[in-house]
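I opened my notebook to look at one structure. I wanted to go through it piece by piece and write down what I found.

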Amino acid sequence: MSENLYGEENRGEMVRLQKMMKNMNCGGPRPAALTLKDFKVGEALGKGAYGHVYRVRNMQDGKDYALKQIVMSASRDGVPQSVIREIAVMKRLTRQTHPNVVSLRTVLHTVDTSRNIIKIAMIMEICDWDLHTFLQNVPKVIPEKQAKHIIGQMMKGLDFLHSHAIIHRDLKPQNILVNRDQTVKLADFGLSKKYTNTSAFTTCVVTLWYRAPEVLLQSYYNSTVDMWSIGCIIYEIYNRVPLFPGPDEAQQLHEIFKKLGTPIGTDWPKQSVLTKDTFPHYTGISMTSDVTGMSAAALDFFKRCLIYDPARRMGSRAALGHEFLKLKPVSVKPRVLRQLRFNNL
Ligand SMILES: Nc1ncnc2c1ncn2[C@@H]1O[C@H](COP(=O)(O)OP(=O)(O)OP(=O)(O)O)[C@@H](O)[C@H]1O
Ligand SMILES: [Mg+2]
């Protein structure tokens with residue numbers, strides 16, 4: 001590892017990061033420290049905006065895992081405190097796993113001094129498909145019991161993340177994994193979204209279809225941004241087409257407003273980068289006629305996810321108690337989630 005890459009003044013910070021990452025093996029009896037050499041790389045499992053995911057075999061325990069590599073710039077200012085904080089969050093999560101959240105086995109890192117980049121390799125449990133692939137391969141009409149089984153597990157995983165003060169921010173079918181036994185696990189939260197520079201490393205376009213209006217308008221947001229995404233995913237589970245397939249960033253809000261109506265009054269996100277007058281006054285369409293096969297309870301659940309005002313939108317805890325699911329909440333002491341402003345991250 002090059003020291004001068006981070007500058008003398010940031011050496012302490014780098015050493016701290018190194019120590020933290022060395023200790024990142026997850027719970028249970030602590031196995032011998034792993035390195036990338038312990039893993040044999042197999043086929044590609046998926047490709048995302050932030051890197052590729054591969055099947056790897058751990059030569060120590062003979063088991064298969066998924067390896068995801070995240071590439072970050074190591075600027076002259078060193079590794080940002082925010083990244084170190086985020087790694088600490090992930091470290092906490094490796095100790096406390098949940099059946100509906102993909103568990104992390106280990107995090108390893110290497111520094112490429114010639115290209116000024118830090119590569120973080122996340123080794124996680126491997127799943128059979130993502131929800132996008134799963135939905136493409138099951139019969140078009142899904143019995144409500146099965147939909148409920150999938151949505152209920154998504155909600156339990158999300159309630160677990162929110163209880164740990166983690167907002168996913170990028171929930172979409174590709175970031176939800178499904179196993180043959182129909183266990184559902186949330187994946188791809190944490191580090192990648194906030195701190196990697198997508199354009200520097202990939203030409204892949206990040207989809208905005210599942211993004212809440214307050215995020216698109218760069219306004220204040222809280223954990224209910226994830227509930228907006230859940231609403232969009234529920235629609236897709238029942239209808240097999242995306243709810244708001246905006247062709248680009250500029251059109252994404254039009255796509256939402258055309259269906260739900262342009263928000264008026266206090267529904268317009270506070271301090272957003274655009275004013276209401278930027279958009280036509282769309283009156284919206286009846287969502288009831290637009291969904292197929294949903295019971296009244298499912299429809300009510302879905303609509304509560306898509307309430308414009310984040311303060312009135314259903315939260316993950318309330319969702320578990322909704323008559324559509326009626327599930328016990330995750331038994332974790334809830335932490336207070338801060339109101340965040342998108343720009344300040
Ligand atoms: N643990 C896993 N088991 C099986 N497949 C996985 C696993 N993790 C990821 N994948 C596959 O790899 C794809 C990309 O992974 P991931 O979403 O973590 O990467 P990403 O680069 O952050 O993508 P994006 O930013 O587009 O969401 C997933 O959509 C999924 O198909
Ligand atoms: Mg992803």
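Before anything else I needed a meaning for "helix": a helix here is a DSSP run of at least four residues, numbered from the N terminus. I also noted that this is a predicted model.

**Entry: helix H4**

I looked just past the end of H4. There, Ala165 takes a positive phi of about 60°. Then I turned to the helix itself. H4 has 20 residues. From its first C-alpha to its last it reaches 27 Å, close to the expected 28 Å. How many of its residues are buried? I found 15 of the 20, so H4 is mostly covered.

**Entry: the magnesium ion**

Which residues coordinate the magnesium ion (ligand 2)? I found Asn175, through OD1, and Asp188, through OD. The distances run from 1.9 to 2.2 Å. Asn175 sits in the loop between helix H4 and strand S7, and Asp188 in the loop between strand S8 and helix H5, so the pair ties together parts that are 13 residues apart in sequence. I checked the cover next. Both Asn175 and Asp188 are buried.

**Entry: Asp188 again**

I stayed with Asp188 and looked for a salt bridge. Its partner is Lys68, with the closest N and O atoms 2.6 Å apart. This pair links distant parts of the chain. Lys68 lies in strand S3, 120 residues from Asp188. Are these two buried or exposed? Both Asp188 and Lys68 are buried.

**Entry: Lys185 and Glu125**

Next I looked up Lys185. Its side chain meets that of Glu125 in a salt bridge, at 3.1 Å from N to O. Lys185 lies in strand S8 and Glu125 in the loop between strands S5 and S6, so the pair ties together parts 60 residues apart in sequence. Lys185 has a relative accessible area of 9%. Buried means under 20%, so Lys185 counts as buried.

**Entry: back to H4**

Arg317 belongs to helix H11 and Asp159 to H4, 158 residues apart. Arg317 is partly exposed, at 34% relative accessible area. Asp159 is at 2%, and therefore buried.

**Entry: the wider count**

How many salt bridges does the structure hold? I noted 13. Some share partners. Glu43, Arg55, Arg57 and Asp64 are joined in this way into one network.

Definitions and conventions. Residues are numbered from 1 along each chain as its sequence is written. Chains are lettered from A and ligands numbered from 1 in the order in which they are written. This is a predicted model: local features need pLDDT of at least 70, side-chain atom pairs count only at pLDDT 80 or more; totals for chains, interfaces and linings use all residues. Side-chain values use heavy atoms; hydrogens and water are left out. Donors are N, O and S atoms within 2.8 Å of the metal (3.2 Å for Na, K and Ca); water is not among the atoms, so sites may look incomplete. Helices (H or I, at least four residues) and strands (E, at least two) are DSSP runs, numbered from the N terminus. Buried means under 20% relative accessible area, exposed over 50%, partly exposed in between (1.4 Å probe, protein chains only). The expected span of a helix is 1.5 Å times one less than its number of residues. A salt bridge is a side-chain nitrogen of Lys or Arg within 4 Å of a carboxyl oxygen of Asp or Glu.
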